[in-house]
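Let's take a walk through a protein model, one piece at a time.

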Amino acid sequence: MMVRQYSEQLYWQVRRIVLTHEDSNDVLQNAFMKAWTSLDTFKGDSKLFTWLSRIAINEALDFTRKQKKHPLQSTDDEELGLANQLMADNYFDGDETEAQLQEAIAQLPDVQKTVFMLRYYDEMKYSEISKILGTSEGGLKASYHIAVKKISEFFKRND
Amino acid sequence: MNEEVLIESKMGKRNPFTVPSGYFDQLTEQIMQNIPEESTQTAQIHEIKPAKRAILRSLRPLFYAAACTCIAVFGVATYQHLNKQTTETPQLQSNIVTVHSYSDSYIDEATDYAMLDNDDIYASLLADM
């Protein structure tokens, strides 16, 4: 029941960080495996979804960090850049501006990127994000403000 | 925040990412296939625990009310018990007074019987001194 109830929401949280469908599917599978095997550690002091989000987002961020260290793409793909890779992706429905925006977001530090995704797209409360990321609400508000500033500068540059 | 308004006007909240057709319909089954059977039983037990904790949390006001009622009943019972003790003690004192009265009246009767008047009693008392 837990999988059925939360899998789609968690998938989108992962996808916005990992960007490609195949990688997101793998990360989500790993996240649920980890959740099942460490269910003993869930103390009920937060909502189940919050706990699952923490696992899924950490898995997604770990994946992107490993990808940066050991990129699997060919040198041709690297030269294309992330925006162009997204445009070539069958499961990306955006235009060039949206692809460039995703590239700008992907370049943000992990906390700024994640708090922006959760706050802007999921409209999550800071208190909830704080439980997921283990960061203070004040720190999250500051990170969000910086992320918003950087993304708005991206739009001003591309206008 | 003006910058947030700018972002929303430029990109809105549209999701540019898509998934293969029917992906979410089979996602649950795909995940469950990868999970070992033992873990599913443990998970069912753990899903019940948070629910149980939530029930206990909702019953907490009732527990507080029951505790307050017990304290109030105990307090009233203690007060009544102490009150009962204090109403009994004047009775004892009146009994003591009664005994004294009895002995005084006895003495009066005795002196009448002995045909002694007060001067004789005072004289006998002074003689002893």
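Leaving aside its neighbours within four places in sequence, which residues is Tyr91(A) in contact with? The answer is His21(A), along with Phe17(B), Thr18(B) and Val19(B). Here, "in contact" means that the C-beta atoms of two residues, placed from the backbone, lie within 7 Å. You'll find Tyr91(A) in the loop between helix H5 (82-88) and H6 of chain A. Tyr91(A) is partly exposed, having 17 other C-beta atoms within 10 Å. The cut-offs go like this: a residue with 20 or more other C-beta atoms within 10 Å of its own is buried, one with 12 or fewer is exposed, and anything in between is partly exposed.

A quick word on what you're looking at. This is a predicted model, where local features need pLDDT of at least 70 and side-chain atom pairs count only at pLDDT 80 or more, while totals for chains, interfaces and linings use all residues. Residues are numbered from 1 along each chain as its sequence is written, and chains are lettered from A and ligands numbered from 1 in the order in which they are written.

Now step back to chain A. It has nine helices and zero strands; both kinds of element are DSSP runs numbered from the N terminus (H or I, at least four residues, for helices; E, at least two, for strands). Of the 159 residues in chain A, 31% are buried. Among its contacts between residues at least 6 apart in sequence, 61% join residues at least 24 apart.

Next, follow helix H9 (residues 137-158) of chain A. Buried residues in H9(A) are Leu140(A), Ser143(A), Tyr144(A), Ala147(A), Val148(A) and Ile151(A). Seen down the axis, they fall within an arc of 135 degrees, so they line one face of the helix; the arc is that of the directions from the helix axis to the C-beta atoms. The face turned away from that buried side carries the exposed residues Gly138(A), Glu153(A), Lys156(A) and Arg157(A). Among the elements covering the buried residues of H9(A) is helix H1 (2-11) of chain B.

Helix H8 of chain A also has buried residues: Ile129(A), Ile132(A) and Leu133(A). These fall within an arc of 80 degrees down the axis, so they line one face of H8(A). They pack against helix H3 (48-69), H7 and H9 of chain A.

What about the largest nonpolar core? It has 38 residues, and those with the most contacts inside it are Val14(A), Leu28(A), Ala56(A) and Val115(A). Such a core is a set of buried Ala, Val, Leu, Ile, Met, Phe, Trp, Tyr and Cys residues joined through C-beta atoms within 7 Å. Domain 1 (1-72) and domain 2 (108-159) of chain A both give residues to this core, so it lies between them; the domain bounds come from an automatic or database domain assignment.

Finally, see where the chains meet: 27 residues of chain B are in contact with 28 residues of chain A. On the chain B side, the largest share, eight residues, comes from H3(B).
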